[in-house]
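Hi,

Here is the structure I promised to pass on to you. Have a look at it first, and then read my notes below.

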Amino acid sequence: MSAREKTQFICQSCGAAAPKWAGQCSECGAWNALVEKRPLTPRSGNWVTTEVADVALLDAVPAENVARVSSGMKEVDRVLGGGIVPGAVVLLGGDPGIGKSTLLLQVLARVEGHLQTLYVTGEESLSQVALRAQRLGLERLDLPVMSETRVEVVLATLEKRRPAFVVLDSIQTLYTDSLTSAPGSVSQLRECAAQVVRYAKTRNCTFVMVGHVTKEGAIAGPRVLEHMVDTVLYFEHDGGSRFRVVRAVKNRFGAVNEIGVFAMMDEGLREVANPSAMFVSRHAQAVPGSVVTVTRQGTRPLLVEVQALVDAAGGPAPRRVALGLEANRLAMLLAVLHRHAGISLGDQDVFVNVVGGMRIQETAADLPMLLAALSSFRGRAIGNDLIAFGEVGLAGEVRPVQGGEERLAEAAKQGFRRAIVPAGNRPRRSFDAGLQVTPVARLEEALAAAFETAG
Ligand code: TYD
Ligand code: MG
């Protein structure tokens, strides 16, 4: 029997198999979606097996606490949920040029003494990797590196060397001979990642796979792999700044939304131990339109500055622009402001922005967003020793948010003296650093508290 007879054509949109190629999938009707799949080894065609698997009772299974190995970088350990987990597969996504290879080379250099490692690159030549290592001051390190793009060869090499920590840079450059589609296509990505995951679980080897976020419209982004891996990290940054944030968007071994903060320097990425200082531009004098809030990124409270600019609208449709915040929420909050505080910004353009390029996706930013807008509208500064957080409801009520005390503790630590917080977040302890907390239940109270004492 020849392998040719066993060739199948797999639809890339619904996964249906067909014995012959056709222009249209007979299952889902997608056009040009069938891709040839050759079996790796010809089979006998017998799917019935006499083997059966063991079934255990859950209460008899010992719950194992995962032993973690430090990556040598605190910020990396933090996003991973406490360190490297043996056998875990991590996907590190991000735009080209953001610093993925740099970060991983730095991690490899720190891990090498504790774990056997291997750096597999399909993106760059080995001499390019050596050049980067030189730039990072790591040229004298014995780091095993390999330039290879065939996944079967990679895995066979791993099987021989048995490293415990492997970096694949990048998953898009890997391909398998068992598929005829081009490297980087969805089917190649899935198949290669599946083989890697299978290897990771059988050999308890940790993988970090780099995945480029391709420009919108390109299909083969790392998103299609998110469900296959244990941890998904994304590298983010705002244009121009040297600060980089690595965020966990999925983690079977830690908190989601956890962030690690880095700065890209001439000699590689440097960890930023106190990121609160970074997202707040401490103005020497309080300026209108600026309010500091405490947001929570994963388990970490972080001070950020929300800025607003409110100006007479240039046209009949006033603009509502939100950067780092949600524009729909801004529009809703302005309606609440009108209805419950009697302040109309209907003939004004409203722009809000989060300093430092941070993205806030929680409702705790409602109150600071409104305070900043109003502060700009009135041209009155809210003191620069004040922080505010809280969700604002449609009825004009100020609702509590998660982690109120941690937020207040962070504000106190950074030297803030006044806080406007939801009544539901009234702290049960006092903050010795002299933070005076004003709990408010309604929007009107919050506005009074903010502007009554404003300088
Ligand atoms: P790189 O790690 O190659 O990005 P990625 O793997 O995500 O594509 O980093 C690329 C950028 O980082 C490049 O533009 C140069 C800059 N860089 C520094 O500023 N300092 C350094 O020490 C290194 C190695 C790179
Ligand atoms: Mg790279």
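A word on naming before anything else: helices (H or I, at least four residues) and strands (E, at least two) are DSSP runs, numbered from the N terminus. This is a predicted model, in which local features need pLDDT of at least 70 and side-chain atom pairs count only at pLDDT 80 or more, while totals for chains, interfaces and linings use all residues. Residues are numbered from 1 along each chain as its sequence is written, chains are lettered from A and ligands numbered from 1 in the order in which they are written, and side-chain values use heavy atoms, with hydrogens and water left out.

Two backbone details first. Asp169 and Ser170 are joined by a cis peptide bond, with omega at about 5°. Ser170 sits in the loop that runs between β7 (165-169) and α5 (186-203). In the loop between α5 and β8 (206-212) you will find Asn204, which is not a glycine and yet has a positive phi of about 55°.

Now the ligand. An oxygen atom of ligand 1 lies 2.7 Å from a backbone N or O atom of Gly97. For a polar backbone atom of Asp266, the distance to an oxygen atom of ligand 1 is 2.9 Å. Taken alone, ligand 1 exposes 560 Å², and the protein buries 76% of that (Shrake-Rupley method, 1.4 Å probe).

Finally, the domains. An automatic or database assignment sets the bounds: domain 1 (1-39), domain 2 (74-273) and domain 3 (277-450). The centres of domain 1 and domain 2, taken over C-alpha atoms, are 31 Å apart. Five residues of domain 1 are in contact (heavy atoms within 4.5 Å) with seven of domain 2.

Best wishes

Note on methods. Polar contact = N/O pair within 3.5 Å; in protein donor to acceptor, adjacent residues only side chain to side chain.
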